[in-house]
Amino acid sequence: MAHALEPDTVTAIGLDQRAWRLPVTLPAEADAPVRQTLRMLADEYRRLGVLPLSAHIEVVRHLLAVLLLRLTHLPATSRAPAAGGEAFHRFHQAVEDDFARTHRVEDYAARLGYSVRSLSRVTQAAVGLSAKRFIDDRVLLEARWMLLHTDLPAASVAERLGFPSATAFARFFRHRTAQTPTAFRARA
C-alpha cells in the first residue's frame with residue numbers, strides 16, 4: 001500500500017514502521033468524518049470510468065491518504081497498544097517473503113524456530129487472527145489484486161500463489177469469498 005501514497009503521507013501515518021495495532025474504537029468526534037471518508041473512497045472506487053484513469057487513481061490515492069491520516073491521528077485512548085513483539089514481526093516478514101511458496105503455519109514455525117502454537121498466540125495478540133488466517137488473508141489479498149490488475153488466467157494466478165492446482169485455488173477462493181475467481185474478476 002505504501003507505494004500508492006506520497007512519501008510524506010507514509011511517514012506521517014507511520015506505515016513504514018510496520019507497527020500492527022488491534023482494531024480501533026472510533027471516538028464519537030471521529031466517527032462521522034471517518035465514515036464519510038470511507039463512503040467517499042468506496043463511491044470513487046466504484047466510479048471507475050467516470051474520470052480519466054489517471055485522475056481516478058489520484059482521487060482514490062488522496063482519499064486513502066485522508067482516511068489513513070484520520071485513523072492515525074485518533075486520540076491515543078482509542079487505539080490498542082502494539083502487540084506481538086519481535087515474534088510477530090518476524091512472522092509477518094516471513095509471510096510477506098514466502099506466502100506464494102507456502103501457506104502452512106508449520107513451515108513458518110520451523111523456519112523461524114517457534115512452535116505453531118506460539119505463532120498462533122502472538123498473531124492472535126497482534127492482529128486478532130490465527131496464524132493460518134493471517135497467511136490466508138495475505139494470499140487472498142494478492143489473489144484479488146492479481147485478478148483485478150492482471151490479465152493472467154486463474155490457473156496462472158494459482159500457480160504464482162503456490163497452489164498445487166487451479167482447482168485447489170478456486171476452492172480456496174470460493175471458500176473465502178463465496179465466489180469463484182472468474183466471477184470475482186467479472187464483477188470488478
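Me: L140 is buried or exposed, and what is its relative accessible area?
Reply: L140 is buried because its relative accessible area is 6%; buried means under 20%, exposed over 50% and partly exposed in between, with a 1.4 Å probe and protein chains only. The model is predicted, so local features need pLDDT of at least 70 and side-chain atom pairs count only at pLDDT 80 or more, while totals for chains, interfaces and linings use all residues. Residues are numbered from 1 along each chain as its sequence is written, and side-chain values use heavy atoms, leaving out hydrogens and water.

Me: Where is L140, and which residues does it touch?
Reply: L140 belongs to helix α7; helices are DSSP runs of H or I with at least four residues, strands are E runs of at least two, and both are numbered from the N terminus. Setting aside residues up to four places away in sequence, L140 touches F172, F173, R176 and T177, where contact means heavy atoms within 4.5 Å. For T177, 37 residues from L140 along the chain, the C-alpha atoms of the two are separated by 8.9 Å.

Me: What describes a pair of aromatic rings?
Reply: The distance of the centres and the angle of the planes describe such a pair. Rings of Phe, Tyr and Trp (its six-membered ring) pair if their centres lie within 6.5 Å; planes under 30 degrees apart are stacked, over 60 edge-to-face, and the rest tilted.

Me: How many aromatic pairs are there in the whole structure?
Reply: The search finds seven. One of them joins F91 and Y108, with ring centres 5.7 Å apart and planes at 90°, so this pair is edge-to-face. It links distant parts of the chain, 17 residues apart: F91 lies in helix α4 (residues 85-98) and Y108 in helix α5 (residues 105-112). Both F91 and Y108 are buried.

Me: Why is the pair of F91 and F134 called tilted?
Reply: Their planes stand at 40°, with the centres 5.6 Å apart, so the pair is tilted. This pair also links distant parts of the chain, 43 residues apart, from F91 in helix α4 to F134 in helix α7 (residues 131-149).

Me: What are the relative accessibilities of F91 and F134?
Reply: F91 has 0% and therefore counts as buried. F134 counts as buried because its value is 8%.

Me: Which residues do ring pairs link into a cluster?
Reply: The cluster consists of F163, F169, F172, F173 and F184. Two of these, F172 and F173, are among the residues that L140 touches.

Me: Why does I57 count as partly exposed?
Reply: Its relative accessibility is 39%, so I57 counts as partly exposed. I57 sits in helix α3 (residues 53-72).
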